[in-house]
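Let us walk through this model from its overall form down to one residue. Look at the whole chain before the details.

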Amino acid sequence: MTYCTAMLLADAKLARELAEIATPERYPIVADDLMDATLRDGDRMAFDAADVAVADQALAVVQRALQDADGVIDGYLRMRKPVPYTVPLAEPVPGIVSTWARWIARYLLHKDRVNTQEATDPVVRDYKEALRFLQ
């Protein structure tokens with residue numbers, strides 16, 4: 001169980017962004033509609049099999065980032081004082097935790113960017129805000 005799912009990322013209209021940052025560099029960027037269908041576990045029969053395979057690789061990158069985001073959240077929750085939370089959180093996960101997981105995962109996926117500042121970059125701003133809430 002992850003706090004944020006690929007479906008939630010698709011619902012947040014992040015298919016294009018995720019295709020751009022998660023497609024392996026040696027391949028053309030996955031088409032937006034294919035990435036959306038992949039995130040939603042939808043029908044991809046109309047797409048070329050090679051493109052679907054690349055979309056699956058991009059999805060694997062996204063899922064790793066979501067798992068890493070879960071680990072960050074769980075780490076903070078375990079350290080809560082005076083009483084730590086039992087992690088992972090039980091279903092249903094509060095919506096704000098899913099939002100934090102999305103923010104953290106996006107930041108992790110964008111980790112190779114340089115010269116980004118909280119004041120001008122929403123990905124950095126959201127990440128830092130999630131960490132402030134978790135602290």
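A compact globule of 135 residues would have a radius of gyration near 14 Å, and the chain has 16 Å, which agrees. That radius is taken over C-alpha atoms, and the globule rule is 2.2 Å times the number of residues to the power 0.38. Along its principal axes, the C-alpha trace spans about 55 × 35 × 20 Å.

A note on the source. This is a predicted model, where local features need pLDDT of at least 70, side-chain atom pairs count only at pLDDT 80 or more, and totals for chains, interfaces and linings use all residues. Residues are numbered from 1 along each chain as its sequence is written, and side-chain values use heavy atoms, leaving out hydrogens and water.

The chain has six helices and zero strands. Here helices (H or I, at least four residues) and strands (E, at least two) are DSSP runs, numbered from the N terminus.

Buried residues make up 40% of the 135 in the chain. Buried means under 20% relative accessible area, with a 1.4 Å probe and protein chains only.

Now zoom in on Asp-74. This residue lies in helix 4, residues 49–78. Asp counts as negative, as does Glu; Lys and Arg count as positive, while His and the chain ends are not counted. Asp-74 is buried yet has no salt bridge. Such a bridge needs a side-chain nitrogen of Lys or Arg within 4 Å of a carboxyl oxygen of Asp or Glu. The nearest side chain of opposite charge, Arg-78, is 4.6 Å away.

What is Asp-74 in contact with, leaving aside its neighbours within four places in sequence? The partners are Tyr-3, Val-87 and Pro-88. Contact means heavy atoms within 4.5 Å.

Definitions and conventions:
Buried < 20%, exposed > 50% of the residue type's maximum accessible area, 1.4 Å probe, protein only.
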